[in-house]
Amino acid sequence: MFPVKRFCGKRVETQTIFTPNFLRMAKNHYLQHEEIHCSFCGRASAEVTSMIAGAGVYICDICIQNSVEILRKNANPYTQKQRATFQDFKLLKPSELKRALDQYVVGQDEAKEAMSVAVYNHYKRIQSESLVGHLEEVEIEKSNILMLGPTGTGKTLLAQTLARILDVPITIADATTLTEAGYVGDDVESVLSHLLQNSDFDAEKAERGIVYIDEIDKICRKSDSPNITRDVSGEGVQQGLLKMLEGTVAGVPPRGGRKHPEQPLVNINTKNILFICGGAFDGLERIIARRMRTSTLGFAAEQGEHVEANVALFPHVEPEDLLSYGFIPEFIGRLPIITALKPLSDEAMLDILLSPKNALVKQYQKLFLMEGIELEFRADALQVVVESAQKRKSGARGLRSILEEAMLPVMYKIPDMKHIRKCIITRGVIEQKAEPEYLLTLDEPIRKVAS
C-alpha cells in the first residue's frame, strides 16, 4: 500500500478513506509533487481530516458534512428552528381570538367565545408538554369540540377562520363519505391523509393541525333494532373515529387512497390534533323538547306551560339527547365541549352582506372595480336579498345564491359597456331582473343605458 500519510510532505490523519482510485491518483500526485485540493471548496488535503477521490475529482469531509445537512433540511422542511418557534410563539388570548373572529364571522358571540377558549386551552396544553415543576406529572386531556346549528350559520367558517388566525394546517372532511374500514367509501383515516397533504407532507406540522368533520349528524345510528345489514356508515364510523379523537398513532398513506400491504405509510400521532365536529342535527330539537316537557309535569303543566320544539333549544342539549339521537356513549364522551349556533336574524344577515372583511357586497365591488366601475347597492335592494334568503331557510348560503342570480345578467353585459363609471343595484334588479341604473362618465344625472 502506498504511504499516503507522507504524501506532499504533509501529514494526513489515519482515518483517511482509501479507495483504489484514490491510491492510484495519490501515487501520481506524489510523484509529481502536487497537492490535492477539494473539487468543491478548494481546501488542500492538509486543511481537512479526510479526502475522498472519484474519477478525477476529490471531496473533503467538510463538504460531505455540509451536503448531509442540506439534504436533511430539504427532506424535512419543518426544521429544528421551526419546532422551537412553535413552543415559543405567542398564542392569542381568548379575547384576542374572539376579536379576530369578529372580523370574519357575524354574530354567534357565545359560540365564538366557547371556540376561542377551547382553542386557546388546546394549544396551551401542547405548550405545557415542556413545563417543569410540581405539576409536571399532571397531563391535560384533549378537549374536542362539537358544534350544533342550522345550515348556513357559520360552523365551517368558524373552523376555517380559526386555522387561518393561528396559521396551522386544517382539513375539512364530510362525514357522509366516510365508511367503516373495508367497505366502499373513505376510511376514517383518510382525513389524516388530507391533513398531511395540507401540511406539505410534514408529519410534525400536521400533528398540531385542526380537523373539521362536517355533517357529523349523518353518522348517527340508523336504528336501535339490530338487522342483517351492517351499519357501516353510521355506528361503524363512530367506532372508527374513537381512537383518532382520543389520540393514537395512525399509519396513513401520504397520497391518500386505501391502504395496501406494500404501500409506505406515514405515522401521524393525533394526540395534539384538534377535532371540531359540526352538523345541523335536524330533529334533535324535538328530542330536547320531549325531555324538557317531561320535567315540567305537575304544577307547571297545570298552568298550561309547554316547550316548543325549535333550534333555539340547542343550547340546552344534554348527552342523553345525543344518545337518543343515535350517537354511542363513547363517541359523545370524546367531544366534551358542545356549543350551539343560533339561526341568523335579519339584522345579522344584512351585516353579513356589508361588514366582514370578506363581505359579499365588498367582493362584488372589487370585481366591478377591476372593470373600472364603482358598484353601489341600494338599502331596499339588500333588504330584499335578506328576505329572500330567509324564505329559503339556508342561512348565509342563500345570500350568495340570490346575489349570483341577480348579478349574473349585469356582469355579463358590463365588460362590453363603455363610458360607465358607476352601477347602482336597485330593488327591481333583485326582484324582477330589471336593468340597473348607471352613472355615465360624461353625464352627471343617473340614467339607464342600453347595452
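My entries on the sheet, the helix and the cavities follow.

**Ground rules.** I am working with a predicted model, where local features need pLDDT of at least 70, side-chain atom pairs count only at pLDDT 80 or more, and totals for chains, interfaces and linings use all residues. Residues are numbered from 1 along each chain as its sequence is written, and side-chain values use heavy atoms, with hydrogens and water left out.

I found an open sheet of 5 strands in the order 4-5-8-3-9, with parallel pairing. Strand 4 (170-174) and strand 9 (337-340) are its edges, each pairing on one side only. Strands are DSSP runs of E, at least two residues, and helices runs of H or I, at least four, numbered from the N terminus; two strands pair if DSSP finds at least two bridges between them. I then looked up strand 3 (residues 145-148) and strand 8 (residues 274-279): they run parallel, joined by 4 bridges. Ile145 stands opposite Ile276 in strand 8.

**Helix 5.** Residues 109-127 make up this helix of 19 residues, and I read a reach of 27 Å from first C-alpha to last, close to the 27 Å expected at 1.5 Å a residue (1.5 Å times one less than the number of residues).

**Cavities.** How many cavities of 30 Å³ or more does the structure hold? I noted 2, a cavity being a set of points on a 1 Å grid over the protein atoms alone where a 1.4 Å probe fits but cannot get out, with lining residues having an atom within 4 Å of a point.

Conventions:
On a 1 Å grid over the protein atoms alone, a cavity is a set of points where a 1.4 Å probe fits but cannot get out, and a pocket is an open set with protein on both sides within 12 Å along at least five of seven lines; lining residues have an atom within 4 Å of a point. Grid points are joined across faces, edges and corners, and a volume is the space filled by probe spheres set on the points.
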